[in-house]
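Here is a brisk first tour of one protein chain. Take a look at the sequence and the model before reading on.

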Amino acid sequence: MDFSVLRNLISRYCAGEEYWVDSRTVYIGHKEPPLGADAYIPQRYPDNRIVSSKYTLWNFIPKNLFEQFRRIANFYFLLIFLVQLIIDTPTSPVTSGLPLFFVITVTAIKQGYEDWLRHKADRSINECPVDVVQEGTVVRTQSHKLRVGDVVMAREDETFPCDLILLSSSRDDGTCYVTTTSLDGESSHKTYYAVPDTMAFKTEQEVDSLHATIECEQPQPDLYKFVGRINIYKESEDPIARPLGAENLLLRGATLKNTERIYAVAIYTGMDTKMTLNYQSKSQKRSAVEKSMNAFLIVYLCILISKAVINTVLKYAWQWSPDHDEPWYNHRTEIDRERHVVIRAFTDFLAFMVLFNYIIPVSMYVTVEMQKFLGSYFIAWDKDMYDEELGEGAQVNTSDLNEELGQVEYVFTDKTGTLTENNMEFIECCVDGHVYIPHAICNGQILSAASSIDMIDSSPGGYHREHEELFFRALCLCHTVQVKEEETVDSIKRGIHQGKPTSFYISSSPDEVALVEGMKRLGYTYLRLKDRHMEILNKDDEIERFELLHVLNFDSVRRRMSVIVKSSAGEYLLFCKGADSSIFPRVVSGKVGQVRARVEQNALEGLRTLCVAYRSLSLVEYEETCHQLSDAKLALQDREQRLAQAYDLIERDFTLLGATAVEDRLQEKAADTIESLHKAGMKVWVLTGDKMETAAATCYASKLFRRSTQILELTKKRTKEQSLHDVLFDLSRTVLRQRSLSGLSVDCHDYGLIIDGATLSEVLKPSPESSGSGNYREIFLEICRNCSAVLCCRMAPLQKAQIVKLIKASKEHPITLAIGDGANDVSMILEAHVGIGIMGKEGRQAARNSDYAIPKFKHLKKMLLVHGHFYYIRIAELVQYFFYKNVCFIFPQFLYQFFCGFSQQPLYDTAYLTLYNISFTSLPILLYSLIEKHVSIETLKRDPTLYRDVAKNSLLRWPVFLYWTCLGLFDACIFFFGAYFLFDNTTFTSNGQLMTTNTQMMFGNWTFGTLVFTVLVFTVTFKLALDTHHWTWINHFVIWGSLLFYVIFSLLWGGIIWPFLNYQRMYYVFMQMLSSGPAWLSIILLITVSLLPDVVKKVLCRTLWPTATERAQRVNADGVCEGSVSSVPSPQSC
C-alpha cells in the first residue's frame, strides 16, 4: 500500500506547515495529478458570474424596506404611524402614513432603478462569448459558465473574462502585451510572461496535453501582487516547480494587445477576481452638514417630547375639576373610566406626540438626497473643468460630500503628477563629476546636435572612459521600457526621435522613457528585447547584446531597481538605479562626493534625480544570487519579505557611476491655484516621496513658499545634531514668540515647515517615559498651526495617511481634503474627509478610489471656491429653512391646545397636514438648493476670500440655528394670535354685516385653522423668495406656481370634490373665508408683519456689519444697474 498520499495529506493539513495556509490548488484542464503526487481534492469555487446588484426580484421589497427603516427618521415616523393605527389619535394615520409612503416610495424607485441598471450591466458581461479549450478543440461558451481550471484562448483586442495565468502566446518568446485601462487607467502596454516550460505549447492539442497544477494564494484585491507556483508533471520525471508572480497574471478587464492569441488558465473567477474585489464599497464618509442636521433633529425631537409632556401635564391639571374632566357634551364611556390614570396619561402623551410630530421634517431627508444627487451633475457638466487633452471632464464618485467642498480647511496634495505634469524631460547626467547635457554642453564645450554623439571622445582618461560606457549601458539596460512600432501601437502619437519616427518607447513610468530617450540623444540607443537578450546601439553604431538574467523590480520601500545581465564576453554585471538615499549607503567606491554635490545642486533647481551604480559578479556570486532569488520566488507565504531580504543581500558593495537629472514641469496654473487656496483661508500641505531639495524647489515655484517665508526644518539631518525634543521645543518657541508679537506693529514672519518621513515617524511614536501623555504630537501640531505651509518629503504612502489622520483628530477637527494622482496617494485620499483624484499618468487608482476626480490640479480652484461655496450655501439654507417652516407649521398647533382644553383637537385639516411638506412648500426650496447663486461665479473666482464667509460651518452654527428657530416661533405667534385677534372681531368676521348665528357657525375652528394655514404657506414661500438672489423663469414658475397650486387645491378640496369624501367639515370653508374682504386684508397684514423683522435684520446687517459676501453683492448690484451683469439679484442679501 502506498502511504505517500496519506503522508502528503497529513503534512499538508496537520503538520502546521505555514506555506499551505490560505492557498488554493488549481488543476489545469481539470486533470488529476499523477499517482504519487498530491491527492486530487476537488474544490468548489464560485462560477464566473459577476453580481454587482444588491437586490433580486424576490428580496427587493423586504431588503429595501429593512435598509430604509434602519434610518432613524424613517423608523421614527413608522412608529408614529403605528401609534396612530393602534390608539385613538387626533389626526388620521394618513397624515403620517402618506408622507412616509412618499419618501419610502421615491427612495425605493430610485434605488430600484439604479439596481436594474446594475442587473442589465451584469447580464451583458456574464453573457459575453468566451473560447475554452476542451479535449483539444476550442469550444465557445458564455462567460458566466467558466470554471476555475478551464483553459481559455483569447485573441487580440479581446478582454480577459477572469483572472488568468498565462501559459503560452503566439509570440516566440512567450510574452504578450496587455493594457489595463479599465483597471487602473494606464494606457501603456505592459508585458506579461509565460513560464519557460509552457511557452512552447502553440496549438489547442499541445495545450490540452499539459499536465500541471497551480498553487497560489487565495483572492485578495491588490492588483499588483500575486504569489503562486506551477507544478508541471512529465512522464517518469519529478515535477518541475516554477514561481508565478504578478508578471504571469492576466487580470479580468484587461485587454490583449499586439499579440495574435494566448492560452491561459482561469484561477480566479466571478466575485473572486481582483477587479471585483477592488470595486467593493468603501467606508461611508459623512459631511459636517449631515452631522449638524442630525444634531438639530435631536434638538427638535427634545422640543417635541417637551411639548407633549407639557400638554399632557396641563391637560390633567386642567381636568382636575370634575366639570372640566367630564363636560356635559363629552361624557366618558365605562371603559375609559375603568382605565388606570397612568395608562390614560401615557395614551394622551402618545396622542400629543402624534399631533406635534410634524415638527420633525421627514421630507427633508428625501429633499436633501435629491439635492445632492441632482446637484452633483453641475460638476460633471462644467465645461471649465473639461480637459481637451484627456477628453474628459470632472467625475463625481459620491454625491454625499458636495457641501463638504465648501468647508475645506486643510489641503494635502501630492507633488509629482499633481502639482507637476509628470511629463519627464531628460536634462543632464553626471558621470564621476563630469556633466553631460544633450545637444548643448559637454565638459564646458558647446556641442551641436550632430557632435553630441561624439561627446564621450572628449572625456579624459581610460578609467573615466570605462565608467562612462558602463553608465550609459546601465541606463540602456536597467529599465522595463518596451520598443513599439507605430503600426502596432494604439493611441500613441510620439516617436523616439526624428530619425526613426516609426518606433516608440513605452513604459508605465515616464521617468524610464525620459532616461532611455536621453541616452539615445547621448549616443547609446536601446533597440529591443528579443529572446531574453537586450540589444543596444553604441556610439560607434555597433550593436551590443546582453542576456537579461534577472530583473529586481522597483518598489516604493527599496526605492531602486536592478538588473543582472551577462555580456557577450561572459561577464556578469549587476546594474542598479534609484534614489540617492537608497544608493549612497550601498556604495563602496566611486566619486561619491562629486556626484552627491551635483545631485544636491540639481535638487535645489527642482529636478528629479536618480543615482546609478554597478557591481561585477563572479560566477560563484551569480550562482549564489540565483539560488537566493529562486528560493524567495518559490515561497507561497511571505514571498515579498523573502524577496526583500534577497534583494538586500544582492544589492550591495556597489561602485557609483553617476547620476541623472530629469525635469518635471509645474502644471499649468498650479501656482495660481495654491495662491487662491491660501487667500481662501486653507492651509496647503505637500506630501511627497521626493527628496527635500527637489520638493522645496517645487514649493517655491508653486508659491507654496515665498521668498520671504522663513523655513523651519524638522529633518533627520537636524535631529542628528540635536535631540528631537530640543529641536521641537526650539521650533515651538520660535513660532509662539512670533505669534505673541503678531498683535504689535512689528512685521510678522511667514513660516513654512519642512519635515521628512524619518523624523515624522519619531514624532508620531509615543514617548515611553511619559506613557503617551507627553508625546510630541501636540507640539508638532502647534508648530504646524502657526505655519502657512508645510512640506513633508520622503514620505511613504502610509505616512501620508497618518498625517491626514493626525490633523483630522486634532482638537479643532478641521475638514481635510487630499488630492493625488497615483496609487501611493490612495491611502490619504481614503483617509481625508474629501478625496480628489487626478486623472494623471500614474494610472487611475487615485481617481477610482476618490470621491471626486478632476483632470488637472488647476480645476481644484473652481471645484472648491465656486462649486463648494454654492453647494454649502444652498444646502445650509435648505436645512435651516426646513426646520423654520416646520416650526411655523406646528407651533400654532401647540398654542391652539391652550384654547381647546388640551383636547388634542387639530388646528389644520388632514389634507393640509399631509400635503404641507410634500406639495405646498417642497418644490421651491428644492429648486433654490439647486440653482441659487448669491454672487456670480466670476466674483467667487476673482475674490477667494469670500470662501472664508462660509468656512467652519458658519451657516449651520448654533447661533444661526437658534435665530431661524426663534424667527419661526415669532412668525408662528403672529399667525396664531393675529388670526385669533382678527377672528374675534365681529366687524371682520361678519363681512361688514351684523353677525348672525349662521355666520358664527360658518367661521368656526376649521375656518380659523385655514386662515392660519393660508398665512403660513404664503409667509414661508415669500421668505424663501426674499432669500433668493438669482432669479430665473424657473424660480418664478415654481414659487408662484406653488402658491397658485395651494389656492386651486383648497378651492377644489372645499367646493368640488367634497361629495366624494366621507366627511364634510371643509365644505366651502376656503371660499367662505376668501369671500370676506377683511380676511384678505388680515392675510396681507399678517404676512407683512411676519416678514418685517427678518427684512429689518437684513438691512441692518448689510448697512452696519456687512460681510465680504454682502459687499460683493453690492458691487454686483451696482454692475446690474450699469447693465454689466445679466443676473438679477434681490435687494436683500443677509
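## Basis

This is a predicted model: local features need pLDDT of at least 70, side-chain atom pairs count only at pLDDT 80 or more, and totals for chains, interfaces and linings use all residues. Residues are numbered from 1 along each chain as its sequence is written, and side-chain values use heavy atoms, with hydrogens and water left out.

## The chain as a whole

The chain has 40 helices and 36 strands. Both are DSSP runs numbered from the N terminus: helices are H or I with at least four residues, strands are E with at least two. Of the 1134 residues in the chain, 54% are buried. Buried means under 20% relative accessible area, exposed means over 50%, and partly exposed lies in between (1.4 Å probe, protein chains only).

The chain exposes about 50,500 Å². Carbon and sulfur atoms supply 58% of that area. Accessible areas come from the Shrake-Rupley method with a 1.4 Å probe; for residues, only the protein chains shown count as cover. Among contacts between residues at least 6 apart in sequence, 73% join residues at least 24 apart. Contact means heavy atoms within 4.5 Å.

## Nonpolar cores

In soluble globular proteins, nonpolar side chains tend to be buried together. A nonpolar core here is a set of buried Ala, Val, Leu, Ile, Met, Phe, Trp, Tyr and Cys residues joined through side-chain atoms within 4.5 Å.

The largest nonpolar core has 93 residues. V879, F889, Y908, F1013 and L1016 touch the most other members. Helix 29 (residues 859–896) gives the most to this core, with 18 residues. Not counting residues up to four places away in sequence, V879 touches V289, M293, F296, M364 and L956. Another core, of 39 residues, lies apart from the largest one. V411, M682, I836 and Y852 are among its residues.

Two strands pair if DSSP finds at least two bridges between them.

Strand 1 pairs with strand 8 (residues 212–217) in the antiparallel sense, over five bridges. R24 has C216 in strand 8 as its bridge partner.

## Aromatic pairs

The whole structure holds 54 aromatic pairs. Rings of Phe, Tyr and Trp (its six-membered ring) pair if their centres lie within 6.5 Å; planes under 30 degrees apart count as stacked, over 60 as edge-to-face and the rest as tilted. F471 and F472 form an edge-to-face pair, 5.6 Å centre to centre with 80° between the planes. F471 and F472 are both buried.

F976 and Y980 form a stacked pair, 6.5 Å centre to centre with 5° between the planes. They are four residues apart in helix 33 (residues 958–984), so about one helical turn separates them. F976 is buried, at 0% relative accessible area, whereas Y980 is partly exposed at 37%.

## Around M534

M534 belongs to strand 23 (residues 533–537). This residue is buried, at 3% relative accessibility. M534 and E547 are 13 residues apart in sequence and 6.2 Å apart in space, C-alpha to C-alpha. Leaving aside neighbours within four places in sequence, the contacts of M534 include C476, Y526, R528 and F546.
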